[in-house]
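Hi everyone, thanks for coming. Have the sequence and the structure open while I talk.

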Amino acid sequence: MWLQWGLLVGFTVVTLAALLDGRNPTARRVAVAVGFISLPHAAYYALFLIWPDALGPRGTMLFSIVLRYQPLFVAVLMLALARRGKWKL
């Protein structure tokens with residue numbers, strides 16, 4: 001259980017850092033990608049730990065599954081952008 005609380009705190013801090021770093025033009029693209037991953041994870045752990053009745057068992061399972069697809073989507077998008085030469089890290 002404490003490991004999940006650590007994830008809630010970690011994803012919340014990373015989301016806030018991405019919001020702050022997003023104001024820097026050179027870090028904006030990476031900050032958007034990080035925020036895209038961290039914000040839904042922070043929301044998931046907040047709902048799961050603080051308001052467990054908000055989703056229910058089925059909603060929790062579906063939210064968790066969708067979160068697994070998210071890094072897959074970001075990885076494919078990053079590879080596609082890098083291949084097209086539109087995004088250089």
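**Rings and core**

By a pair I mean rings of Phe, Tyr or Trp (its six-membered ring) with centres within 6.5 Å; planes under 30 degrees apart are stacked, over 60 edge-to-face, and the rest tilted.

Before going on: this is a predicted model, where local features need pLDDT of at least 70, side-chain atom pairs count only at pLDDT 80 or more, and totals for chains, interfaces and linings use all residues. Residues are numbered from 1 along each chain as its sequence is written, and side-chain values use heavy atoms, with hydrogens and water left out.

How many aromatic pairs does the structure hold? Five. Take F11 and Y45: their ring centres are 6.4 Å apart and their planes sit at 5 degrees, so that pair is stacked. It links distant parts of the chain, with F11 in helix 1 (residues 2–21) and Y45 in helix 2, 34 residues apart. Helices here are DSSP runs of H or I, at least four residues, numbered from the N terminus.

Now Y44 and Y45: centres 5.0 Å apart, planes at 80 degrees, so this one is edge-to-face. Both Y44 and Y45 are buried, meaning under 20% relative accessible area (1.4 Å probe, protein chains only).

Next, the core. The largest nonpolar core has six residues: L8, Y44, Y45, A46, L49 and L67. Helix 2 (residues 28–49) gives the most, four residues. Such a core is a set of buried Ala, Val, Leu, Ile, Met, Phe, Trp, Tyr and Cys residues joined through side-chain atoms within 4.5 Å.

Key
Buried < 20%, exposed > 50% of the residue type's maximum accessible area, 1.4 Å probe, protein only. Helix = DSSP H or I, 4+ residues; strand = E, 2+ residues; numbered from the N terminus.
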